[in-house]
Amino acid sequence: MDPLEKSITRKAFFKEVLGWIRQGVAEAQAEGLSPRAESVLLPPGARDCRSFLSACSRCHACVTACPHFALRVCQDEASPLFGYPMIDPRQQACYLCHDFPCIQACASGALGHWKTRFKLGTAEFDASTCLDEQQGFCQTCLNHCPHMGRAVYRDVRGRLTIAPEHCTGCGICVMVCVQDPPAIAIRAPAVPQPVPEDRQTDPSFPKPEKREA
Amino acid sequence: MPLKRREFLKASAAAAAAASIGVNLIPGMDNKLFADAVSWEKSVCRFCGTGCGVMIGKKGDKVVAIKGDLKNPINKGHICVKGFFLHKVIYAKTRLLYPMIKRNGKFERVSWDEALDYVARRFNEIRKTDGPDALAFYGSGQAETEETYMANKLFKGCIGTNNMEGNPRLCMASAVGGYLSSLGLDEPAGTYQDIEHAELFLLVGSNTAECHPIIFERIVRHKTKNPTVKILIIDPRKTPTDQVADIHLFPKPGWDLAVLHAMAHVIIKEGYADLDFIKNHVNFKSNDGKDITFEAYQQFLEDYTPEKAEAISGVPAGDIIKAARMFGQAKTAMSMWTMGINQRTRGVWANNLIHNLHLLTGKIGVPGSDPFSLTGQPNACGGVREGGGLCHLLPGHRKVTNPKHREEVAKVWGVPVGNIQPKPGKHTIAMFEALNEGKIKGIYIMCTNPAQSLPYAQKFWKGLKEQFVVLAESFYPTATSDFADVLLPAAFWAEKEGVYGCTERRSQYMPQVLQPMGEARWDAWILRDLAMRMGFKKEFEKYRTAEDIWNEYISLTKGRDMDLSGATYARLKKERGLVWPVPSETHPGTYKRYTQGDPFFDELPEEKKKGRRMYFYGKPDGKAVVWARPAKPPAEPTDKDFPYALTTGRVLEHWHTGTMTRAVLELARAVPRAYVEIHPQDARKLGIANRDTVVVETRRGKLEIEARVIDRPEPGTLFIPWHWKEWLANLLTIDAFDPGSKEPEYKVAAARIYKA
Ligand code: SF4
């Protein structure tokens with residue numbers, strides 16, 4: 001059988017085409033509004049930039065697998081990630097699916113198994129642009145955080161605060177921030193840290209079964 | 001020094017943010033852009049009922065920024081995201097710029113003269129052939145008081161129909177019913193100042209953090225300063241308001257009346273009732289309005305032990321007892337509620353039960369204690385409740401059924417008293433049903449979007465399609481403009497002057513700082529010109545300025561419980577609003593009603609006041625009423641076929657039908673589309689994953705929508721925000737309404753959900 005035919009199922013094909021369209025729409029919407037966020041994230045399950053770059057075969061199977069179109073191919077020639085899959089949370093954040101189709105799709109081992117999955121980073125406020133710090137009242141990031149009240153909460157002084165031990169770095173806060181450029185960014189951890197097991201987007205989903213490689 | 005792109009962007013954004021709120025954040029940077037070029041003028045936020053004061057920053061002839069008004073006592077310089085982007089709404093691409101008439105199914109641009117002549121001719125035809133009751137008006141709690149006043153005069157006074165309603169029927173009517181039946185007069189006794197004195201907050205059916213953000217911020221600030229302050233939430237859904245909650249009760253949607261009764265039960269049983277207060281200030285009444293004794297009321301409450309309430313509502317009895325004790329033990333308590341209580345088939349009763357808790361414990365009339373209903377819209381209190389913009393009301397908290405009231409109003413309006421019908425007109429749902437049936441043939445809709453906001457919306461599209469619909473709006477297209485025959489462009493906020501009256505009885509003035517965009521005109525002038533073309537020249541030609549209208553209106557409030565006669569434009573322009581009653585131009589406004597400091601209380605003869613700290617002068621004997629209302633279920637409880645309870649609501653970033661906030665890119669990107677929240681347990685059972693497309697179905701309609709699997713609603717409950725016309729939550733809601741207040745039950749419908 002023709003290898004091309006085998007590798008692209010109808011569903012995957014539509015998904016990809018739809019992905020282009022949606023990406024186009026998102027980009028058009030963001031035009032004149034958002035400079036692309038400077039901070040892009042590695043896909044979930046990547047250990048760190050170095051080992052990811054050396055292991056990734058750039059087959060983009062994870063990009064095709066991502067149901068939310070969060071994983072994209074990096075188009076920025078100046079970036080070390082050029083041509084590699086990445087997440088631009090300002091465009092589309094990661095939802096940390098409970099079954100991680102991206103990790104499952106990865107054949108090269110660049111994206112690790114769920115047990116050794118690493119968190120994408122930790123959110124950090126930029127107090128100089130955050131509306132809530134400027135006599136405003138805004139908690140869009142908190143309202144949309146899947147771990148509202150845990151990963152981001154109002155501390156005893158009523159200020160928005162991030163709990164690094166609960167934040168997964170999914171980037172939903174960056175995606176929804178009303179400031180431009182966003183007043184919140186995801187910093188990748190210097191030393192890779194595993195995601196706490198109970199801190200997926202959907203906290204009460206059962207942990208996925210261990211899958212055979 | 002060359003700046004890197006990122007640094008530059010950061011710096012400029014910071015500067016813009018800093019400048020727009022009036023601080024210079026970056027030391028050493030002189031802020032040329034804003035510092036001298038921008039002139040600031042005080043106004044009021046266009047969005048929610050909080051009524052925050054804002055400063056409009058103008059540069060040249062353009063509004064460039066909005067910041068909080070530091071001198072405003074409501075928000076003290078703070079504003080929420082919606083308010084922050086208000087200036088971008090003015091320049092939205094979707095502004096309606098010139099009058100249009102639909103011909104052969106297409107809108108064609110016409111001149112103002114042509115449009116108004118056409119509407120006047122059609123309305124007069126209808127009036128002649130089918131009588132005045134074939135015409136109707138549907139207004140808004142976002143229209144200014146002056147606008148509602150003009151519409152009121154035209155429809156009730158001149159055309160002679162009481163078919164004059166407004167969207168506050170869909171949001172505040174039950175609160176009105178609750179205040180009238182419990183305390184005797186509409187609107188809260190306290191103000192926002194109570195927040196800083198309260199020891200406990202009872203938030204029922206209110207997602208304050210998203211719907212009244214600045215009130216929430218005040219509560220949070222108060223709590224952070226005083227950590228002993230307790231916050232008690234009763235809501236079927238976990239919301240962002242929960243961050244500060246001490247205890248949260250999750251009743252099944254629509255079954256919370258039993259919880260409130262059980263709290264009253266525990267409060268009396270455990271001796272938290274203030275027997276002195278009860279003796280002197282409270283009557284007890286059974287559901288049919290008969291006087292009963294305190295003992296009989298206690299007997300009635302025996303049916304609502306915490307255990308029985310648990311069986312009915314699903315809230316653990318232990319939690320109810322804990323909540324009741326917290327309420328009883330706190331020295332002062334403030335209750336706040338909104339649509340979760342009002343938009344119910346038993347909304348008035350639910351309101352009564354909240355008042356009961358306060359009356360039983362005497363937590364009313366002292367700083368920090370008040371049953372305080374939060375109003376949704378910025379001028380629902382001012383324009384519609386006080387201005388009389390509903391089918392049974394006349395300006396100044398008057399009623400059409402009262403001959404004396406009709407006479408007083410007719411005199412000021414300069415119309416024969418016979419013009420004002422003594423019978424209330426059709427309430428909102430009845431009105432749109434009459435439109436469906438062809439009994440109403442022409443309707444004037446102002447500043448609202450019923451095709452999207454009515455419950456079971458698709459049912460009412462038929463009438464809107466078939467009858468003659470005139471829509472005065474600032475935006476186009478909206479869901480309703482699809483059905484309109486004539487579109488009249490209305491001036492938007494900041495392009496017109498007028499008064500907004502917010503939740504705490506405070507009336508605030510808004511200046512005109514811009515020329516209306518395109519050919520837009522102020523709604524009040526559109527109505528005036530239309531009235532003159534319809535043949536009411538004599539009655540309307542005298543209005544030359546907004547102040548003329550306001551002065552006439554406040555003259556009508558003289559001596560009423562909501563006396564605004566001291567609140568002249570001259571004063572309102574200087575001050576940050578006035579809290580009525582303001583009976584004279586030197587009166588500072590009233591902090592607490594029914595008690596010392598309220599001019600009407602102070603005027604009372606001594607023998608009435610004897611032994612009393614409060615006198616509810618809306619009731620014949622000055623005593624408030626504790627009602628023994630039975631706990632009734634929602635109109636459509638869940639069942640085997642439709643096992644989920646669907647509730648609808650709002651998000652922080654958007655406003656109502658989204659015509660304004662969705663035009664602001666920043667807000668649109670924060671919440672670009674609707675979703676249905678479903679609990680992970682339910683989702684797992686149904687095989688629904690986060691962001692799957694699902695179908696939510698009720699007996700009335702179906703909606704394809706994105707799923708958000710999240711632990712915010714309780715299992716068995718679904719939640720959809722209703723701001724999008726593309727994902728119209730009101731295809732699903734039920735049009736059953738409260739028999740007392742006629743407010744529909746948006747908050748509970750039985751639904752099912754499955755994967756698309
Ligand atoms: S809280 Fe309400 S009134 Fe205040 S800025 Fe926000 S939307 Fe406007």
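Tutor: We start with residue classes: Ala, Val, Leu, Ile, Met, Phe, Trp, Tyr, Cys and Pro count as nonpolar, Asp, Glu, Lys and Arg as charged, and the others, Gly among them, as polar. By these classes, the shell around the ligand has 8 nonpolar, 3 polar and 1 charged residues. This is a predicted model, in which local features need pLDDT of at least 70 and side-chain atom pairs count only at pLDDT 80 or more, while totals for chains, interfaces and linings use all residues. Residues are numbered from 1 along each chain as its sequence is written, chains are lettered from A and ligands numbered from 1 in the order in which they are written, and side-chain values use heavy atoms, with hydrogens and water left out.

Student: What makes a residue one of those around the ligand?

Tutor: One of its heavy atoms must lie within 4 Å of the molecule. Among the residues around the ligand are Cys45(B), Cys48(B), Cys52(B), Cys80(B) and Lys82(B). Strand E4 (79-80), helix H3 (81-84) and helix H9 (213-225) of chain B each supply at least two residues of the shell. Helices here are DSSP runs of H or I with at least four residues, and strands are runs of E with at least two, both numbered from the N terminus.

Student: Why is H6(B) called roughly perpendicular to H24(B)?

Tutor: Helix H6 (residues 145-159) and helix H24 (residues 546-557) of chain B pack at about 75°, with their axes 10 Å apart. Angles of 65 to 115 degrees count as roughly perpendicular, under 35 as roughly parallel, over 145 as roughly antiparallel, and the rest as oblique. Therefore H6(B) is roughly perpendicular to H24(B). The axes are lines fitted to C-alpha atoms, for helices over the stretch in contact, and angles run from 0 to 180 degrees between N-to-C directions.

Student: Which residues of H6(B) meet H24(B)?

Tutor: Contact means heavy atoms within 4.5 Å. Thr145(B), Glu146(B), Tyr149(B), Met150(B) and Lys153(B) in H6(B) meet residues of H24(B) including Trp550(B) and Tyr553(B).

Student: What makes E6 and E8 of chain B edge strands?

Tutor: Two strands pair if DSSP finds at least two bridges between them. The open sheet has 7 strands in the order E6-E5-E20-E19-E18-E7-E8 (chain B), with mixed pairing. E6 (106-109) and E8 (164-166) of chain B each pair on one side only.

Student: How do you know that E7(B) and E18(B) are paired?

Tutor: They share 4 bridges, in the parallel sense, and the definition requires at least two.

Student: What makes E24(B) mostly covered?

Tutor: Buried means under 20% relative accessible area, exposed over 50%, and partly exposed in between (1.4 Å probe, protein chains only). In strand E24 (residues 624-628) of chain B, 5 of its 5 residues are buried. Ala624(B), Val626(B) and Ala628(B) lie on one side, with Val625(B) and Trp627(B) on the other. E24(B) also pairs with strand E12 (residues 282-286) of chain B in the parallel sense over 5 bridges, and Phe284(B) stands opposite Val626(B).
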